[in-house]
Amino acid sequence: QQKLNIMKICMIVTSELLPRFLKLLEQGFFVKTQAGCSIKDLLCEQLKIEEEYLDKRIQTLFLNGKAVDEVETAYLQDNATLALSAAMPGLVGATFRKGGTFAPMRNTISHDAAISIKGKGEARAKLKLFNLVLKELGPIFLANGVWIPEDKFNEFIARYLKEIKAACSLFQLDGESVDIAKFEEMKGKNTEIFLQVTSDRES
């Protein structure tokens, strides 16, 4: 397996542009974690999301496509996919809500804690955020840094380059400030991108 090159990109943009980057997160992004940690450990201990937010706001969770009721006993293996959503409307929302009245009705599509095997070492988890959770947690994830597939990032930059050039006050590549317009020339093959984005209001 060919080793991936790592490109670290740090950007400061206007607060008006920040929502554009949420579109990038919508497609899914990666975070580093410990193999075998629980969903609650990942979100609250490693990613510093408030327990109250997890309990009250994140109402629907899917781990590898299976609905999760108990975040303490659902463990993440390498390359797991975790989807987080606020309450969804109607019967669908009621059915998939964690620990909800309708949870027993979906036993065939629910995550089975019995098949969770704790692992060891570093792992990666793919996160997908939806609706209010994307809007509220997206900026926090961007500020902390996320791993983005290079092709997705390049598509995003190409699509919004004009807006980003006008609204980006800092563009650093591996710790050195560069002209974002020249980024097109620097794209490498087999590259993984670690992206940090903050708004000028925060910096």
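**Exercise 1. Which residues of helix 6 are buried?**

Solution. The model is predicted.
Step 1: locate the element; helix 6 covers residues 150-167.
Step 2: apply the cut-off, under which buried means a relative accessible area under 20%.
Step 3: list the residues that pass, namely E150, F153, N154, F156, I157, Y160, I164 and A167.

**Exercise 2. Compare the span of helix 6 with that of a straight helix, and find where helix 6 has a kink.**

Solution. 
Step 1: count the residues of helix 6, which number 18.
Step 2: a straight helix of this kind would reach 26 Å, at 1.5 Å a residue.
Step 3: look for a bend; helix 6 has a kink of about 75 degrees, centred on Y160. Y160 is also one of the buried residues of this helix.

**Exercise 3. Describe the largest nonpolar core and the part that helix 6 has in it.**

Solution. 
Step 1: the largest nonpolar core holds 56 residues. Helix 6 gives the most to this core, contributing six residues.
Step 2: the residues with the most contacts inside the core are I9, M11, F21, I39, F141, I164 and L195.
Step 3: take I164, which is a buried residue of helix 6. Leaving aside residues up to four places away in sequence, I164 touches M11, L17, F21, F156, I157 and I180.
Step 4: as a general background, nonpolar side chains tend to be buried together in soluble globular proteins.

**Exercise 4. Is T33 buried or exposed, and which residues does T33 touch?**

Solution. 
Step 1: T33 lies in strand 2, residues 29-34.
Step 2: the relative accessible area of T33 is 4%, so T33 is buried.
Step 3: beyond residues up to four places away in sequence, T33 touches L42, Q46, G121, E122, A123, R124 and A125.
Step 4: the side chains of T33 and Q46 are joined by a polar contact of 3.1 Å.

**Exercise 5. Summarise the whole protein chain.**

Solution. 
Step 1: the secondary structure comprises seven helices and 10 strands.
Step 2: of the 203 residues, 46% count as buried.
Step 3: among contacts between residues at least 6 apart in sequence, 81% join residues at least 24 apart.

How values were computed: Residues are numbered from 1 along each chain as its sequence is written. This is a predicted model: local features need pLDDT of at least 70, side-chain atom pairs count only at pLDDT 80 or more; totals for chains, interfaces and linings use all residues. Side-chain values use heavy atoms; hydrogens and water are left out. Helices (H or I, at least four residues) and strands (E, at least two) are DSSP runs, numbered from the N terminus. Buried means under 20% relative accessible area, exposed over 50%, partly exposed in between (1.4 Å probe, protein chains only). Contact means heavy atoms within 4.5 Å. The expected span of a helix is 1.5 Å times one less than its number of residues. The bend at a residue is the angle between axes fitted to the seven residues ending there and the seven starting there. A polar contact is a pair of N or O atoms within 3.5 Å; within protein, one must be able to donate a hydrogen and the other to accept it, and residues adjacent in sequence count only if both atoms are side-chain atoms. A nonpolar core is a set of buried Ala, Val, Leu, Ile, Met, Phe, Trp, Tyr and Cys residues joined through side-chain atoms within 4.5 Å.
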